[in-house]
Amino acid sequence: MKILVPVKRVVDYNVKVRVKTDGTGVETAGVKMSMNPFDEIAVEEAVRLKEKGIATEIVAVSLGVAQCAETIRTALAMGADRGILVETDAELQPLAVAKLLAAIAKTEQPGLIILGKQAIDDDMSATGQMLAALLGWPQGTFASKVAIEGETITVTREVDGGLETVALALPAVVTTDLRLNEPRYASLPNIMKARKKPIVTMSPAELGVDPAPRLTVVSVAEPPKRKAGAKVASVAELVAKLRNEAKVI
Amino acid sequence: MTTYKAPLREYRFLLQELFDVGELAKLPGYEDATPDVFEQVLEEGAKLCEEVLFPLNRSGDEEGCTFENGVVRTPKGFKEAYDLFRQGGWTALVCDPEYGGQGLPHTLQFLVEEMVSSANMSFGMYPGLSNGAYRAIWHHGSAAQKRKFLPRLVDGSWSGTMCLTEPQCGTDLGQIRTRAEPAGTDGVYKITGTKIFISAGEHDLTDNIVHLVLARIVGGPPGIRGISLFIVPKFLVKDDGGLGPRNGVRCGSIEHKMGIKASATCVINFEEAEGYLLGEAHKGMRAMFTMMNAARLGVGLQGLALGETAYQTARQYAQDRLQGRALAGDKFPDKPADPIIVHPDVRRMLLTMKAYTEGARALAAWVSLALDRAERDPDPAAREEADDFIGLMTPIIKAMLTDNAFAATNLGVQIFGGHGYIREWGMEQLVRDSRITMLYEGANGIQALDLVGRKMPMHNGRLLRRFFHPVDAWLRQRLEKPELQEFVMPVMKAFGRLQQVTALVAQKGMADPDEAGAAASEYLRAFGLVAMGYLWARIAEIALGRLGGDEALFYKGKLATARFYMARVLPETNTLFVNIAAGAKSLMELEAEAF
Ligand SMILES: Cc1cc2nc3c(=O)[nH]c(=O)nc-3n(C[C@H](O)[C@H](O)[C@H](O)COP(=O)(O)OP(=O)(O)OC[C@H]3O[C@@H](n4cnc5c(N)ncnc54)[C@H](O)[C@@H]3O)c2cc1C
Ligand SMILES: Cc1cc2nc3c(=O)[nH]c(=O)nc-3n(C[C@H](O)[C@H](O)[C@H](O)COP(=O)(O)OP(=O)(O)OC[C@H]3O[C@@H](n4cnc5c(N)ncnc54)[C@H](O)[C@@H]3O)c2cc1C
């Protein structure tokens, strides 16, 4: 079985993001970029399925600027076999990404697509669901455990208030939650081997998709600064303030 | 808690802006070592250092190593971290592919070593010593010795040590008493004696430990010319590579020491232990010398690494700690006080740390690039030039970088105020850990003697010219550039005086060796400060051209630090030049009994 793993290049989770002065987005110039942590989990899961002999090939896909090739390299160093880079300078929104991935899935015919449940830059949590809908495949989102048996994948999902287990017929789309696994560190030999693995570059046009944004960003602003707290003398005063000033009880 | 994130942007600046690491990939054998490989390897290495090694730094210091019945245990978590490190192939980075290594450049290895030491210097000692043993065997071993020992040292399943020091001698290895008696078979000896202070001499991280031991073959010449080098494994190694019986090597105790507490510093007793002559008989010191440069550069890097961690942590603290008001008026009137970064004195400390650490890294990168050329350049003249340059700069890097590291970590404590003195914050550990770097691999005073007594006169001053000529040319080419005057002029002046005192020290030292000895430490420091000044001038030139771009803040930081260096660090050379000129008299006239 072939597994497709989309990997997104995002601002590294350690970076303290700053909003651009003109309010159009966040500052990314000169900022450290890394693979979306949820996608690392997706790559790890795919590699484990390959190590178990269930998957035969892992294809890592990234969409965006040329530097996304570095993100693909990271996936290759973790154990993916080859890469596809859909190169574009256009701003990509979830629907465009889902359409592009669907087009790739049609030619690649993977048995499974594993992707992060969301990306830590915009936290949309939409691409996996849209992709499943476009392909007409079943989806198992927010996975904390997956098991494949024959033509079925069992996905344990993290939902509000507990865990839900669904069985899906393959091919399917799975999105990863944090607890699914702990991604490995790429080893030095694998980093070096990854340099020799192929990455194919294509354009959105070649895939017949117009990636133009369908949503408009009105403005991006920093959250309001936390105001200094106030000390109260007694519980009674606290309760009174909560009731009369904050009006929360 | 201390803070550490690998300074990847700094690395990119050095490799791609100040120097051109792309040149390395043109050297035979380094074809794979392209700039993007550097980036990816450093990024992956950074993760391991930040997420696995760094969290064990404080706990390792608190717990230390333990010794019981000859068995040494490393602190909790070290074994697991070591396994991850070695399975990740990090012990193999710079090693020969013939023995399972990755064959990557020294320049990359040094940056990885820096990250490891910043995160956890004690941890770094174990693979560091193994790499020393690997290099000794790789350089001097027979084909059979290489086959037997190298693959396991490369994959990290065995580790190595360097056993030089004995109770009666550390610097003066001519006094070594450990003796080697021929055991009948050619090249096999029985080694007997006691070594002290042996880093990684005994521990629980690997299946076997390969000791490299300096000893005197019975009946050999006295003094330093009778010392030979031996391979002495903890467990004998069978012909099929499997482990045989325990050799006559025992750990007698471990030291309780000021810092690097998670690195086991051992007394190792050899009792008729089976040892194999490495290289030629009585030429052990010469064999050691071939590895000395890389080892000493490595120690310099340990220093700079700790300076980096101290700087990162102090920088954060200075932004957060609210104390006192800016002298020129409140900067943050809505807060109870201003962050201490507003105070000139705190800035003085932070900028000193930044100037030392980034200048040190530039110096180390310059030399490590030469190390790669010295090994791989097909042109013998280029190899010789690189070799000369490394020989000259190694004692400077070892001594100045470690002196500065102690100063920088100490400033880190100062910026933390009373909290710097409290263990919990981790700042005092950095001071303690950094202190050893000034002592081992040749105490810093010995480095200064090496510079003045050996490197300076070598080949009629040829080594000096490898530094003086290119620096002179660079400065001269910029005399007419007004925007660079504030950098070029002070460096030019100090550089000129350095050349003058060089002649003075050479001349006075020739007539009276005590004169050379008296000037040595200050000469080394002056040399180092000038070399770093030259690099800060080069950095300023680059930064000036990039202030308008996306990363203006980064380059402003470079430029301001270069200015600080010229105004407040380089002038230290003035005092040093005066001291050098003062000569030996005021040091030597007092008789020892009068102290
Ligand atoms: C934590 C730790 C780890 C170590 N790890 C190892 C290891 O793995 N392997 C190993 O073999 N050793 C190791 N050492 C030993 C270390 O290399 C020695 O301590 C060092 O070489 C200094 O030797 P010494 O302690 O005998 O000092 P000494 O040689 O007694 O020196 C004392 C002082 O005198 C000065 N001095 C000595 N001779 C001269 C001279 N001719 N001219 C001017 N000044 C002089 C020195 O600069 C120094 O300041 C380690 C030591 C420590 C503390
Ligand atoms: C072992 C120990 C024993 C102690 N014993 C006592 C005791 O018995 N009684 C007691 O009351 N306290 C005691 N202290 C506290 C000690 O006096 C304080 O730690 C010290 O005054 C520094 O204050 P701080 O730690 O808050 O540092 P901070 O005031 O936060 O200073 C941090 C850094 O900022 C600098 N800085 C702060 N303000 C300014 C400014 N306006 N201009 C320029 N630079 C500035 C400082 O020089 C320092 O480098 C003790 C501390 C220790 C560690």
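Reader: What separation do you get between the centres of domain 2 and domain 3 of chain B?

Author: In this predicted model, the two centres lie 41 Å apart, taken over C-alpha atoms. The assignment puts domain 2 at 159-283 and domain 3 at 457-589, with domain 1 at 8-145.

Reader: Now A408(B). Why is this residue called buried?

Author: The cut-off for buried is 20 or more other C-beta atoms within 10 Å. A408(B) has 30 such neighbours, so it counts as buried. You'll find A408(B) in helix α9 of chain B.

Reader: What does A408(B) touch, leaving out residues up to four places away in sequence?

Author: The partners are G307(B), A310(B), Y311(B), T352(B), M353(B), Y356(B) and T357(B). Take T357(B): it sits 51 residues from A408(B) in sequence, yet the C-alpha atoms are 8.2 Å apart in space.

Reader: And E272(B), why is that one partly exposed?

Author: Partly exposed covers what falls between the two limits, 12 or fewer for exposed and 20 or more for buried. E272(B) has 13 other C-beta atoms within 10 Å, and therefore goes in the middle class. E272(B) belongs to strand β11, residues 265-278 of chain B.

Reader: What makes the phi of E272(B) worth a remark?

Author: Phi of E272(B) is near 45°, a positive value, and the residue is not a glycine. H282(B) is another non-glycine with positive phi, about 65°. Look for H282(B) in the loop between β11 and α7 (284-320) of chain B.

Reader: Why does H282(B) count as partly exposed?

Author: Again by the count: 17 C-beta neighbours inside 10 Å.

Reader: On to α14(B) and α15(B). What makes them a pair in contact?

Author: The cut-off for a contact is C-beta atoms within 7 Å. On the α14(B) side, the residues that meet α15(B) are L529(B), G533(B), W536(B), A537(B), I539(B), A540(B), A543(B) and L544(B). Facing them in α15(B) are Y555(B), K558(B), L559(B), A562(B), Y565(B) and V569(B). By class, this contact has 12 nonpolar residues, 1 polar and 1 charged.

Reader: At what angle do the axes of α14 and α15 of chain B cross?

Author: Roughly 145°, with the axes coming within 9 Å. Helix α14 spans residues 513-544 and helix α15 residues 552-569. The crossing is left-handed.

Reader: How many residues does the contact take from chain B and from chain A?

Author: Chain B gives 20 and chain A gives 14. On the chain B side, α2 (35-53) and α4 (78-87) each supply at least two residues. The largest share comes from α2(B), with 6 residues. In terms of class, the chain B side has 9 nonpolar, 5 polar and 6 charged residues.

Reader: What makes the peptide bond from L170(A) to P171(A) cis?

Author: Omega is near 0° there. P171(A) sits in the loop between β9 (162-169) and β10 (172-176) of chain A.

Reader: What share of the residues in chain A is buried?

Author: Of its 249 residues, 38% are buried. Chain A has 6 helices and 11 strands, and its C-alpha atoms fill a box of roughly 65 × 40 × 40 Å along the principal axes. Among its contacts with a separation of 6 or more, 69% join residues 24 or more positions apart.

Methods: Residues numbered from 1 in each chain as written. Chains lettered and ligands numbered in written order. Predicted model: local features only at pLDDT ≥ 70, side-chain atom pairs only at ≥ 80, totals over all residues. Axes fitted to C-alpha atoms, helices over the stretch in contact; angles between N-to-C directions. Helix = DSSP H or I, 4+ residues; strand = E, 2+ residues; numbered from the N terminus. Left-handed = near helix turned anticlockwise from the far one by under 90°. Contact = placed C-beta atoms within 7 Å. Nonpolar A, V, L, I, M, F, W, Y, C, P; charged D, E, K, R; others polar. Domains from an automatic or database assignment.
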